[in-house]
Amino acid sequence: MSLDRRSVLRGAAVGATGVGFAAVGAVPSLAEATPNPQRGPYPTHRPFPPLMDDPKGVLALPPGFKYTIVTRAGETKLKTGEPTPGKHDGMAVFGTGKHYTLIQNHEIGSNNALGVPQVPGTVYDPGVGAAGGCTVISVDRDGTNHGEWVAISGTLTNCAGGHTPWGTWLTCEETEGKANGTTRLKDHGYVFEVWGDGETAHPVPLKALGRYAHEALAIDRDKAHIYLSEDASGPNGLFYRWRAPAGYRLDKRSWQDLTDVDFGTLEAMAILGDDGKPIPDVAYLTSAQLLRPFRVAWVPVPDRDAVSVSCRKQFTDDQVTRGKKFEGVYGTDDGAYVVNSFANLGTKDLPADAVPHDGMVWFYNYKTQTIQLVTYFPSSAAADQGAGAKYQDFNFDGPDNVTVTPWGSLILAEDGNASSHILSSTPGGPTYAIARNMISDSEFCGPAFSADGKVLFVNIQSPGLTLAITGPWRDYLG
């Protein structure tokens, strides 16, 4: 299973369509998904040194690293003069060399003082006012801000999202809000496409990808499958796959086809146990199953536009595998990583006989149609003590957004109860803290490396900061 940067978003073509349970027999053997024990399952990296507190009280970093604040909600300005919107979330980096373009989501509900202003040509729903959407930032390698502007507006709670192989950004609405005639003139809960230059967008919903609380997505290298996560409860959310019609390949013009609610097929994941039946919730699996591949089946969603019943509610627990807080998704040449942030004991987060946890990272293998648990954070009372935890840079909880570094390992952004970190994680191996939020209790969002590996861009959702972190990344990750 290659984790090379060149593999990002270009996974191997799926060998079988896997529609429904009957297709599982066509999946290659589990041995094909198992790492070679002679070389070890995954690359290892040099440990990061202990974090040093920031005298400015913003970001604790290892020695030799530094940060620059690129945007600050309410203080830096858009080109049109309005303040930078708040609640920064998912983000992508486009461009090479010394200058980059960042496209950034804003997870904001209806009309907000620091919402994304509605700019003509970018508006989906004028009824929501200054709400969610995407802004674009022109920035250099030193973190100097050369201008910000609006790419899409009139959307709601734009969350993690994902980039495409053809250089665009897909922004995800984490909501199921339907039109009410006043504050929402249109239905919400869709994916929208924004061009990589940030100057153009199509403020039309890609209805083929379903209407639900979208979190993140990744596109297979075959350009015929999209993998999408749902952050929802009551019941817990699902992990989805969109499958193109036979012979169709996604490209920069596909948004026109994806606006058709009946285009392609939307399916929900079922992780199969040894008896061939779906495991009802991911929390039935623990660190005891680390790196074990499980077969996956894909079950068609009856009504992907959720006209009367939410997508996840159209299934019974014996048909699919649910999970509390399906969050970040990121694709490689061989498969897609997907994160579950946590599931708490004594709540509706998980079945009564399942196991609470503080974070799970999975790897879905495109070719073998199997899924493996590659990182597991056990439920920890110490991790819930926040800044008071004695070993706060060893206690991790609530992984959320995920990205793959230029050297193949993972970067995780925490959104938990403890001190918030950016984490370096080797699938199947150790996890290290590489930054700690000192300015607030808020989550990190949208980690994204420049293609040259020089800069890690990341957001702190509140008070709303975009940060450019530089340092000897290759020494520790290369």
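**Exercises: ring pairs and a cavity**

Both Y100 and F457 are buried. The structure is a predicted model.

**Exercise 1.** Classify the ring pair of Y100 and F457 by the angle of the planes.

*Solution.* Step 1: a pair of aromatic rings is described by the distance of the centres and the angle of the planes. Step 2: the ring centres of Y100 and F457 are 5.8 Å apart, and their planes stand at 75 degrees. Step 3: planes over 60 degrees apart count as edge-to-face, so the pair of Y100 and F457 is edge-to-face.

**Exercise 2.** How many aromatic pairs does a search of the whole structure find, and why is the pair of F48 and F65 tilted?

*Solution.* Step 1: the search of the whole structure gives 22 aromatic pairs. Step 2: the pair of F48 and F65 is tilted because the planes of the rings lie at 45 degrees, with the centres 6.1 Å apart. Step 3: F48 sits in the segment before β1 (59-60) and F65 in the loop between β1 and β2 (66-72), so the pair ties together parts 17 residues apart in sequence. Step 4: F48 and F65 are both buried. Step 5: ring pairs join F48 and F65 with W407, F449, W473 and Y476 in a cluster.

**Exercise 3.** Which residues line the second largest cavity?

*Solution.* Step 1: two cavities of 30 Å³ or more are found in the whole structure. Step 2: the second largest cavity holds about 40 Å³ of space. Step 3: its lining consists of T164, W166, L170, E193, L206, D251, S254, W255 and L258. Step 4: by class, the lining residues of the second largest cavity are five nonpolar, two polar and two charged.

Conventions
Residues are numbered from 1 along each chain as its sequence is written. This is a predicted model: local features need pLDDT of at least 70, side-chain atom pairs count only at pLDDT 80 or more; totals for chains, interfaces and linings use all residues. Side-chain values use heavy atoms; hydrogens and water are left out. On a 1 Å grid over the protein atoms alone, a cavity is a set of points where a 1.4 Å probe fits but cannot get out, and a pocket is an open set with protein on both sides within 12 Å along at least five of seven lines; lining residues have an atom within 4 Å of a point. Grid points are joined across faces, edges and corners, and a volume is the space filled by probe spheres set on the points. Ala, Val, Leu, Ile, Met, Phe, Trp, Tyr, Cys and Pro count as nonpolar, Asp, Glu, Lys and Arg as charged, and the others, Gly among them, as polar. Rings of Phe, Tyr and Trp (its six-membered ring) pair if their centres lie within 6.5 Å; planes under 30 degrees apart count as stacked, over 60 as edge-to-face and the rest as tilted. Helices (H or I, at least four residues) and strands (E, at least two) are DSSP runs, numbered from the N terminus. Buried means under 20% relative accessible area, exposed over 50%, partly exposed in between (1.4 Å probe, protein chains only).
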